[in-house]
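Please look at the sequence and the structure first, then read the notes below.

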Amino acid sequence: WRARRHWATPCHRLSQADAVGLLGHAREVMAAALQQGGTSFDSLYVNVNGESGYFSHTLDAYGRAGSPCQRCGAAIVREPYANRSSFRCPRCQRRPAGLPKVGRTGR
């Protein structure tokens, strides 16, 4: 979400500058997650003291289907694939041209 990239963008379509930017955003997200104790979705994801992390309270797209994008206001969408889900802003994270739509069974 921070890098404004669609999750299914093939790596070979990223310029070197885009790839470096994406890695920078990934570092920022990981550092923020560690600062807040990680992301706890249920009782299996706790620290050694049994405490939940609070990073899930600040997620920008994941789990926010139907909520407005915090950057542009468009509704966040959920895209299922391979028994999992991805969440994105359809305006900020546009699907790259030529990519097939993804469903529950994969591409």
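The accessible surface of the protein chain is about 7,400 Å², and carbon and sulfur atoms hold 53% of it; such areas come from the Shrake-Rupley method with a 1.4 Å probe, and for residues only the protein chains shown count as cover. This is a predicted model, in which local features need pLDDT of at least 70 and side-chain atom pairs count only at pLDDT 80 or more, while totals for chains, interfaces and linings use all residues. Residues are numbered from 1 along each chain as its sequence is written, and side-chain values use heavy atoms, with hydrogens and water left out.

**Overall layout**

- The protein chain has 1 helix and 2 strands, in the order α-β-β along the sequence; helices (H or I, at least four residues) and strands (E, at least two) are DSSP runs numbered from the N terminus.
- Of its 107 residues, 29% count as buried, where buried means under 20% relative accessible area, exposed over 50%, and partly exposed in between (1.4 Å probe, protein chains only).
- Of the contacts (heavy atoms within 4.5 Å) between residues at least 6 apart in sequence, 33% join residues at least 24 apart.

**Nonpolar core**

- A nonpolar core is a set of buried Ala, Val, Leu, Ile, Met, Phe, Trp, Tyr and Cys residues joined through side-chain atoms within 4.5 Å.
- The largest one has 7 residues, namely Ala61, Cys69, Ala74, Ile76, Phe87, Cys89 and Cys92.
- Beyond its neighbours within four places in sequence, Phe87 touches residues including Ala61, Tyr62, Ile76, Val77 and Gln93.

**Thr9**

- Thr9 lies in the segment before helix 1 (16-35) and counts as buried because its relative accessibility is 18%.
- Its side chain reaches the backbone oxygen of His6 at 2.9 Å.
- The C-alpha atoms of Thr9 and Ala97 are 9.5 Å apart, although 88 residues separate the two along the chain.

**Positive phi angles**

- Most residues other than glycine have a negative phi.
- Arg4, which is not a glycine, has a positive phi of about 60 degrees.
- Arg4 sits in the segment before helix 1 and is partly exposed, at 45% relative accessible area.
- Asn83, also a residue other than glycine, has a positive phi near 60 degrees.
- Asn83 is in the loop between strand 1 (77-81) and strand 2 (84-88), and its relative accessible area of 72% makes Asn83 exposed.

Methods. Polar contact = N/O pair within 3.5 Å; in protein donor to acceptor, adjacent residues only side chain to side chain.
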